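Welcome! Let us take a friendly walk through a protein model, going from its overall build to a few of its details.

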Amino acid sequence: MNLKAIKRALSPLLLLFIPLFGNLFFNQVNWSLFDFIVMGFLLVLTGLSIHFILEKVVNKKLRILPIIFVIIIFLMIWAELAIGVFGSLIAGS
C-alpha cells in the first residue's frame with residue numbers, strides 16, 4: 001500500500017473530530033472511549049472497503065453500486081448502534 005492508499009483509507013477517521021469537539025464543549029454529546037474505538041473501526045473498515053472497490057473494479061460505472069452498498073451498510077450499523085433502529089442485540093436493546 002502506498003501513501004496515497006493509506007490516506008484514502010484512513011481519511012474518514014477525521015470525522016471523529018466532530019464528536020470529539022462535541023464531547024469537549026457540549027453536555028449533550030457523551031461519547032466514551034469505547035464509542036470512539038467502535039466508530040473508528042467502522043470508519044476504517046468503510047474506508048478500506050471503498051478503497052478496495054476503487055482499486056479492483058476497473059469499470060467506473062460498475063463502481064457506484066458496491067460503494068453505495070458499503071455506505072448503506074455503514075449507515076445501518078451506525079443507526080443501530082446509535083439509537084437501536086432495528087432492536088438487535090448490538091444496540092443493547
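This report starts with the overall build and then turns to rings, surface, pocket and distances.

## The overall build

Keep in mind from the start that this is a predicted model. The protein has four helices and zero strands, so reading along the sequence gives the pattern α-α-α-α. If you follow the C-alpha trace along its principal axes, it spans about 45 × 30 × 15 Å.

How much of the protein is buried? Of its 93 residues, 22% are buried. A residue is called buried when its relative accessible area is under 20%.

A search of the whole structure turns up four aromatic pairs. One of them joins phenylalanine 21 and phenylalanine 25, whose rings are stacked, with 6.4 Å from centre to centre and 20° between the planes. The pair counts as stacked because the angle between its planes is under 30 degrees. In general, a pair of aromatic rings is described by the distance of the centres and the angle of the planes.

Where do phenylalanine 21 and phenylalanine 25 lie? Both belong to helix α2, which covers residues 17-25, and they are four residues apart, about one turn of the helix. Together with Phe17, Phe21 and Phe25 make up one aromatic cluster. Phenylalanine 21 has 45% relative accessibility, so it counts as partly exposed. Phenylalanine 25 has 62%, so it counts as exposed, because the cut-off for exposed is over 50%.

## A nonpolar patch on the surface

Next, look at the surface. A nonpolar patch there is formed by Ile64, Ile68, Phe69, Ile72, Ile73, Met76, Ile83, Val85 and Phe86. Together these residues have about 890 Å² of accessible area.

Take isoleucine 72 as an example from this patch. Isoleucine 72 sits in helix α4, which runs over residues 60-83. With a relative accessible area of 43%, isoleucine 72 is partly exposed.

## The largest pocket

How can empty space be found in a model? Rolling a probe the size of a water molecule over the atoms shows where empty space is left. In this protein, the largest pocket has a volume of about 260 Å³.

Ten residues line the largest pocket, and Trp31, Asp35, Val38, Leu81 and Ala82 are those nearest its centre. The elements that give two or more residues to this lining are α3, residues 33-56, and α4. Which element gives the most to the lining? That is α3, with four residues.

## Distances along the chain and in space

Arginine 8 is in helix α1 and is partly exposed, at 30% relative accessible area. Arginine 8 and isoleucine 50 are 42 residues apart in sequence, with 9.0 Å between their C-alpha atoms.

Leucine 10 also belongs to helix α1, and it is partly exposed with a relative accessible area of 40%. The C-alpha atoms of leucine 10 and leucine 45 are separated by 9.1 Å, while the two residues are 35 residues apart along the chain.

Serine 11 is in the loop between α1, residues 3-10, and α2. At 36% relative accessibility, serine 11 counts as partly exposed. Serine 11 and tryptophan 78 are 67 residues apart in sequence and 18 Å apart in space, from C-alpha to C-alpha.

Conventions:
Residues numbered from 1 in each chain as written. Predicted model: local features only at pLDDT ≥ 70, side-chain atom pairs only at ≥ 80, totals over all residues. Heavy atoms only, no water. Phe/Tyr/Trp six-rings, centres within 6.5 Å; stacked < 30°, edge-to-face > 60°. Buried < 20%, exposed > 50% of the residue type's maximum accessible area, 1.4 Å probe, protein only. Patch = residues over 30% accessible without salt bridge, like charges linked within 9 Å, V, L, I, M, F, W, Y side chains within 5 Å. Areas by Shrake-Rupley, 256 points an atom, 1.4 Å probe, with all protein chains shown as cover. Salt bridge = Lys/Arg side-chain N within 4 Å of Asp/Glu carboxyl O. 1 Å grid on protein atoms, 1.4 Å probe; cavity = no way out; pocket = protein on both sides within 12 Å on 5 of 7 lines; lining within 4 Å. Points joined across faces, edges and corners; volume = space filled by probe spheres on them.
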